[in-house]
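Thank you all for coming.

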Amino acid sequence: MSAKTCNETHGGSSEKRRMPSREELEKLAGVDIRKIDISQLNDLEEVRIDRNMPKRDRMADYIRQIGNPYCYRSHGIAVKISFAGKRTLEDCLCSCLPLDE
């Protein structure tokens, strides 16, 4: 996944959204959950997806809200996810988030 800039209007303010580069995603994926302060993780339950935005903007907005798509908090528990095989994070997000255009 290459770095891309996404323009959108969200909550009445115009913001530039950028998809993380492959290097940035690899760094996020490398976080050791055993060394994380759970209070520093973003809570998945607080993420809101605007189904009216284009797919790429929704993915960029999800990553902006969650911070680290590989390591976050859900119901008070630290969660670390990883992907095996050939699927990219973008492919996995498409199958998990309401991304239909």
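Let me begin with the term itself: a salt bridge is a side-chain nitrogen of Lys or Arg within 4 Å of a carboxyl oxygen of Asp or Glu. With that definition, the structure holds three salt bridges.

Before we go through them, please keep in mind that this is a predicted model, in which local features need pLDDT of at least 70 and side-chain atom pairs count only at pLDDT 80 or more, while totals for chains, interfaces and linings use all residues. Residues are numbered from 1 along each chain as its sequence is written, and side-chain values use heavy atoms, with hydrogens and water left out.

How far apart are the closest N and O atoms of D32 and R34? They are 3.0 Å apart. D32 is partly exposed at 24% relative accessible area, whereas R34 is exposed at 73%; here buried means under 20%, exposed over 50%, and partly exposed in between, using a 1.4 Å probe and protein chains only.

The side chains of R73 and D43 also meet in a salt bridge, at 3.7 Å from N to O. This pair links distant parts of the chain, 30 residues apart, since R73 lies in strand β3 (residues 71-74) and D43 in the loop between α1 (22-29) and α2 (55-66). Helices (H or I, at least four residues) and strands (E, at least two) are DSSP runs, numbered from the N terminus. R73 is buried at 19%, and D43 is buried at 15%.

Finally, D61 and R64 form a salt bridge at 2.8 Å, N to O. These residues are three apart in helix α2, so about one helical turn separates them. D61 is buried at 0%, whereas R64 is partly exposed at 41%.
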